[in-house]
Amino acid sequence: MLSWLDRLPWVWLLPLAGWLAIAPVTPEPHLVEKLRLLAQGALVRPIDIFDLALHATPLLLVALKFWRQWRARRP
């Protein structure tokens with residue numbers, strides 16, 4: 001089911017995840033802002049929820065790909 005993720009090269013995934021995690025740099029990265037709103041219970045607008053998903057998805061893909069590779073290498 002996730003074989004497409006195994007074929008996705010790290011060389012594309014890591015820069016994309018890093019860039020979306022910190023974009024825009026000033027005044028505050030969107031991911032930080034949206035996580036702060038989520039912690040405060042103020043993440044209610046659909047555009048903010050979409051923005052959180054947009055900026056967090058590549059990081060989740062990095063974590064999932066790392067976990068799948070780690071699990072595949074275990075004896």
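The model is a predicted one, in which local features need pLDDT of at least 70 and side-chain atom pairs count only at pLDDT 80 or more, while totals for chains, interfaces and linings use all residues. Residues are numbered from 1 along each chain as its sequence is written, and side-chain values use heavy atoms, with hydrogens and water left out.

Helices here are DSSP runs of H or I with at least four residues, numbered from the N terminus. Within α2, the residues L13, A17, L20 and A21 are buried. These buried residues fall within an arc of 105° when α2 is seen down its axis, so they line one face of the helix; the arc is that of the directions from the helix axis to the C-beta atoms. The terms used here rest on relative accessible area: buried means under 20%, exposed over 50%, and partly exposed in between, with a 1.4 Å probe and protein chains only. An α-helix has 3.6 residues a turn, so residues three or four places apart point the same way.

The face of α2 turned away from the buried side carries V11, W12 and W19, which are exposed. On the buried side, the residues of α2 pack against α3 (30–40) and α4 (46–73), where contact means heavy atoms within 4.5 Å. W10, for its part, has the charged end of K65 sitting over its ring, 5.3 Å from the ring centre. Such a placement is counted if NZ of Lys or CZ of Arg is within 6 Å of the ring centre and within 35 degrees of the ring normal.

Helix α3 can be read in a similar way. Its buried residues are L31, K34 and L37. They cover an arc of only 130° around the axis, which puts them on the same side of α3. On the other side of α3, A39 and Q40 are exposed. The buried residues of α3 pack against α2 and α4. Just after α3, G41 takes a positive phi of about 75°.

Leaving aside neighbours within four places in sequence, K34 is in contact with L43, D48, D51 and L52. K34 also forms a salt bridge with D51, the closest N and O atoms being 3.9 Å apart. This pair links distant parts of the chain, with K34 in helix α3 and D51 in helix α4, 17 residues apart. Both partners, K34 and D51, are buried. Salt bridges that share partners join E33, K34, R45, D48 and D51 into one network.

In the whole structure, six salt bridges are found, each a side-chain nitrogen of Lys or Arg within 4 Å of a carboxyl oxygen of Asp or Glu. Among them, E33 and K34 meet at 3.8 Å, N to O, and E33 is partly exposed at 23% relative accessibility. Another joins E28 and R36 at 2.9 Å, N to O. Of this pair, E28 is partly exposed with a relative accessible area of 25%, and R36 is partly exposed at 36%.

How values were computed: Helices (H or I, at least four residues) and strands (E, at least two) are DSSP runs, numbered from the N terminus.
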